Structures are given as structure tokens and as C-alpha cells.
Amino acid sequence: MGIWKVVFTLVVLLVSLRTDILVAQEKPALLPMPKHIVWTNDSFRLDSPFSLVISVKTSSECKNAITDLREFSTTNNLTCNYKEAPSKDEKHSITFHIEKSLPEIQNNPEGYILDIKNQSINISAVTPEGIFYGVQTLKQLYLEANDLKSFYGCKIIDYPAFRLRGFMHDVGRSFISIENLKQQVKILSFYKINTFHWHLTEDIAWRLESKLHPELTDSASMTRFKGQYYSREEVKDFETYCSGRNVTIIPEIDMPGHSAAFRRATGFDMQSAEGKKILSDVLIEACQLFKSPYFHLGTDEVKITDASFVPEMQALVRKMGKTVISWSPGAKSDTLTISQMWGRKSLPEKHGKFIDSQFLYLNHMDPFADLSGVYNNFICSSQTGNDRLLGGIVCIWNDRKLKTENDILLANAFYPNMLAFAERSWVGGGTSLQETGTSLGDRHSKRFEDFTEFEKRMLAHKRKYFNALPFPYVKQSDIQWRITDAFPNKGNLLNSFPPETEKDTVFNFRNKSYATRKANGAAIYLRHTWGPEVVPGFYKNPLPNSTAYAFTWVYSPEDQKTGLWISFHNYGRSEKDFTPQPGKWDYKESWVKINDSLIEPPKWANAMNPEATSETDYVDEPFGMRPPVSVFLHKGWNYVLLKLPVGQFSTKETRLVKWMFTCVFVTENKGQIEACPDLIYNPDHNLNNN
């Protein structure tokens, strides 16, 4: 064989090997999951420059997508050549097409078709927004293996179930910098979130600058984070930034309730003649400032003393060319107003338009138990949206002060919950929380299988994209428990019952006088925060003055020290819950044992502080805000037993007693908390974990 033939053969083999390496890689985790996807063995390799070809009238139509793809290329050291005049034989190119009609995506304005082949990538849509979302999916298909870079081959047809997919920050009670808000918008637009609801005013503070009434943002009229507000220049800059990510801002000035800051600043009630004049000036000013087509007027949790107040403010905002949004329940509105639902889950009325925020208040939610509820949320009580059922907005209300902006994200498990909501609001479906609760479901149910598949994709994104960000969630779908029937404790939380007094409990539970049932997950509500009539928990009819026990076996492949996330109360961000007494886990006398050894609670920074108010910072009360407890696991099986007493469901220490527990073994890896690897949780002592 001649030398050149040998060289050629080697080159072919190497090229083949490189292609095989790329094809052999695990398929990328996509989130939200597209409607239709067909995987292929093609691979668009990036070891040479590629061309970005714009097959539309003007490149400005796809400005957001172009800017985003160029930024992605720069970040990943890829060379991108820009071409606006495509040729028929264009090779190694990414091409954007805007078509007049695409029946495959039902002409959905945010839908797209993405086709990745060896030498070409085509993204087609009926609008620039669709092109932008095609690019977001394309970026998730990017792979690196050693020095090889590529986009995984496939064809995707995709469009959203709901047109409005958003999140809200209450910056009246808290304050989040524009820099941090931009970071959140950038991250969440990657997951096709398209709305930011900006709750700008509250009893605590007015955060929107007014040139006409500068007294509104005077530090003297604020009671928290004094002197911090958003200038008009910052608002314009932020709205421009959001527009570049296809995110629409919904600004909110809450009225006439939640307005103590307004009264302190102006000396007038909003519903007085003087107050209405000032508020009208401010509303006109704000409507002129924001380019958004929407304006939110609040109107909830207030006694209306002037029947003309709400109609006048609605008329004023509409005169400024905006669509009015208000809370429901709230002041009675006409059918032109979009109602944002926040009360108990109910079907929307037959007339009007709706945004769903029911059971989407992260400030009340547990990072584990409630995340499955967010994932399964039945938005607008409908499988998909339409012209009336617009979509949903996840809300964060920090009635309780949190010290830093990072704490807001951590305590509310912001990013895990938003990824769960991004999936549900894009793909549609879900189940009624009032019927199924937050349970992961039986291990052989479709509900459990769907959640487990989503969880796998979400955790892949955590590892790939959230290394330096708060993400207080680890795998929980492999955790199994047995929970006893509740024992009446007659108001004595210290009473002991057979699961802790009988030594042979662990293997012979089937022969005991009490029954057990299985439950799955890192956190279990025995009785949900809102009670069984609103959200079912583990017990169908939970009774006060009861004691339950939860137990499991944990198999460890070796002797090891590890961490434990353990908690018996989800410290919501809207309550004045006391920190536990010294030496106690909570006010319910809960405890946890591992191999018959009690696990000591933390030394609370603010133990049993009866002077706690909404202005008292949480320090270590939520488990995600404190270091995991250090524990030891023996090689082989380890027995974990939790005692779970409860007295009344409302006490002086805790207005909303949460009968629940969180328990999962964790470890730190590159700054992130991860599930302790290779453990098997099985209360039946079964290595197969079935």
C-alpha cells in the first residue's frame, strides 16, 4: 500500500472515530421538553467556522436570535461568519427562515422547527420569537467531548401550550438589583420564560422613581432597605434588556391597598381626592415610562371606600394604551381586565382573560415536597391555553425579610421551581393539586415516572448551567419511606409509641398492631400547610394531637461521613415563625435517629426569639441556608427513624404548623450540594429499591 493511501486510510479512520465519539455521547437533556423530537445519528461539528445565514427580509427581524447566537459562539470559542445573502449550496451553516405559514406548529408565534444535520442547521418559524426559542433549544443541544464540539443531530417540532409564562418578584418588600434581575431574565429566557411581573410598590416601600413626586422614594417613607429604588434610567435599560430576551415586563403599582408607603410619603390615602390626583399623575408617568402593553393595578386585600376609584384608574391606564391586569380575588373588575388568580384553585369564569398564580407562591413552598406540585400544576385548570386562559406567573412574596438577594433565591428554591414551571407552562397538561396533592405518586404510576424523567433532566441542567448559583435541590425520586398510622398523643408530644419502643420494629412491621404505608421523596407533608380540604397530604384526615413515625433503610457501599439535610418545618418567607428552642428541632418534639443514635439539632443563631418580627432575618432556620448536619453511615444497611408529633395546627410559635419532614443524605461537590452518591433508600431492606 502506498504511503498516501495509508495516510488517507488513517485520516478516514480518525474522522470516523471522531464522529463515533460524538454520536456515542448521551443525548442532551432538553428543558422544557419539545413537543416532537426525532433523534438522528447526524452531528453538526464545530471544529471549523460555521456561517449564520439569515433567510428573511432584513436581519433586524431576527436581531434577538442573532445577538444571542453570537454571544453563545463567543462564550464557547466558536467562530461564526455572518451572511445575509444565502446561496443555494451553502455548507456548514445555521439558517433562520421566517415563513408565512407553518401548519406543523399550528402557526404558533412562539413555535419553531429545528433540523440539525451534518452540514446544516435550519430553524424555521412564523415570527422572530419562534426563531429565538429555536436558538434556545439549539444551545441545549451543544456538546463537548474532549476537544470535539458539536450540535446533536435531530429534528424538532415545538410550540408552547401557554402564551404567558412568567415569574414575579415583590421588590416592594425586598429589593433586587437590576444586575441580579438581568441575570435571572437571561437564565430563565433560556428556558422559554417570557414574562417578568415587577411588583414595585408595597406597604414597606415604593421602589419606582417619580420625577413628579420624588417624595415617594424618599428613604424616610421606607421601612426596609431604605433608600433603594429603581431610577427611570435603570427601568429603561432593564426593559430594553428584557426585550432583547423576548421577555415582557408587567409593571405593578398596587392600589388602593398595600399602600402604606404612599400614605407616609404623601400624607394622603389613595382613595381620597388628593390621593387620587397624585396617583393619577404617577400612573400617567409610569405608563409613559414603560413600553409594556400591560399595567397591573393590584386591587387586592383592601376595603374599597370609593366605588369610583378602580374604574377611574382602569380608564386612565387604558387611555394610556395599556391593558389592565388586577388580582382575583380583588376589587370587582370588568371583562376587559385580565384577572390574575391567586386564591383557591377554581375554574375561571366564562368571560374575561386569566393568568394563573394559584398555588404558585414560592414563599410558602418546600424545596422538595412542593416542587412536584409546581411541576404538575394544572395551569388555568386546562391542558392548554387559549385566547382567554393566558398562562401562569410564579410569585415570590418576602413578607419576612431576607438579608441578601442570594438568600431570596436560596430560601425560595427559585431556580429549581422555575425550571419545573418552565416545563409545565410550555408542555401543558398537569393534574389538579386539590386532587393529588404534592405526592410523587406510586413508584409504578405514570405520575411518578413523568416526574422522575423530568427530575433527571433538571439535575443535568443543574450540573451544566448552575454551578455558581443557588440550586437547593437534589435527587429525591429514589427515596422511599414507610410512614405509620398516626397515634393519638392526647396533647403530650413526648408520649412514646411502639415504633420507638419495640426493638424489632425494623423487620417485622407487617406483624405489628399498627399499619404503615409507603411514601416517596425527600420531604413529605403529613398535613399540608393549607390543610386537606385545599391540598391533600399523606393523611386523608389528619388530626391534631397525633404522633407519626417515618422510617427507611439506607444502604451505603462503604463506611463514610456524609451530610444530612434534615428539617421538620418549612420556614416560609411570609410568617413570623419562631426559631426552635435550644437543643430542639422544632416546637413539636420531633427527632431523627440513625442506627439508634439521636442526631443533634443545630445551635440556632436566634434560638427561641419571642421578639422575632418580619424584620428579623432568617439565618439558619430553612435547612438550605445552613450547612448539612454531619453524620456517619456504616457500610451496609443503616436504619433511619423519624418521630413526628404534632399538637394543634396553629400555635403561638407557629401560625401555620406544617406537619412534615425533610430528610436526605447530601454531600458538597464543587460548591453545590448534591445527593450522596450510590445510596439505596428502601424501608423493606431491598437492594433493588423497588
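Contact here means heavy atoms within 4.5 Å. The model is predicted: local features need pLDDT of at least 70, side-chain atom pairs count only at pLDDT 80 or more, and totals for chains, interfaces and linings use all residues. Residues are numbered from 1 along each chain as its sequence is written, and side-chain values use heavy atoms, with hydrogens and water left out.

**View 1. Leu642 and the largest nonpolar core.** A nonpolar core is a set of buried Ala, Val, Leu, Ile, Met, Phe, Trp, Tyr and Cys residues joined through side-chain atoms within 4.5 Å. Buried means under 20% relative accessible area, exposed over 50%, and partly exposed in between (1.4 Å probe, protein chains only). The largest core has 134 residues, and Trp198, Leu642 and Phe665 touch the most other members. Strands 9-10-11-12-13-14-15-16 form a closed barrel of eight strands with parallel pairing. Helices (H or I, at least four residues) and strands (E, at least two) are DSSP runs numbered from the N terminus, and two strands pair if DSSP finds at least two bridges between them. From one strand to the next the twist averages 30 degrees. Axes are lines fitted to C-alpha atoms, for helices over the stretch in contact, and angles run from 0 to 180 degrees between N-to-C directions. Helix 11 (residues 414–427) packs on the sheet, where it touches strand 9 (164–170) and strand 16 (389–396), and its direction makes about 155 degrees with that of strand 9.

**View 2. Strands 22 and 25.** Strand 22 (residues 560–567) pairs with strand 25 in the antiparallel sense over five bridges. Leu564 stands opposite Val629 in strand 25. The covered face of strand 25 (residues 629–633) holds Val629, Val631 and Leu633, while Ser630 and Phe632 are on the uncovered one.

**View 3. Two aromatic pairs.** Rings of Phe, Tyr and Trp (its six-membered ring) pair if their centres lie within 6.5 Å; planes under 30 degrees apart count as stacked, over 60 as edge-to-face and the rest as tilted. The count comes to 46 aromatic pairs. Phe167 and Phe196 form a tilted pair, 4.9 Å centre to centre with 45 degrees between the planes. Phe167 is buried at a relative accessible area of 2%, and Phe196 is buried at 0%. The centres of Tyr375 and Phe451 are 5.8 Å apart and their planes are at 70 degrees, so this pair is edge-to-face.
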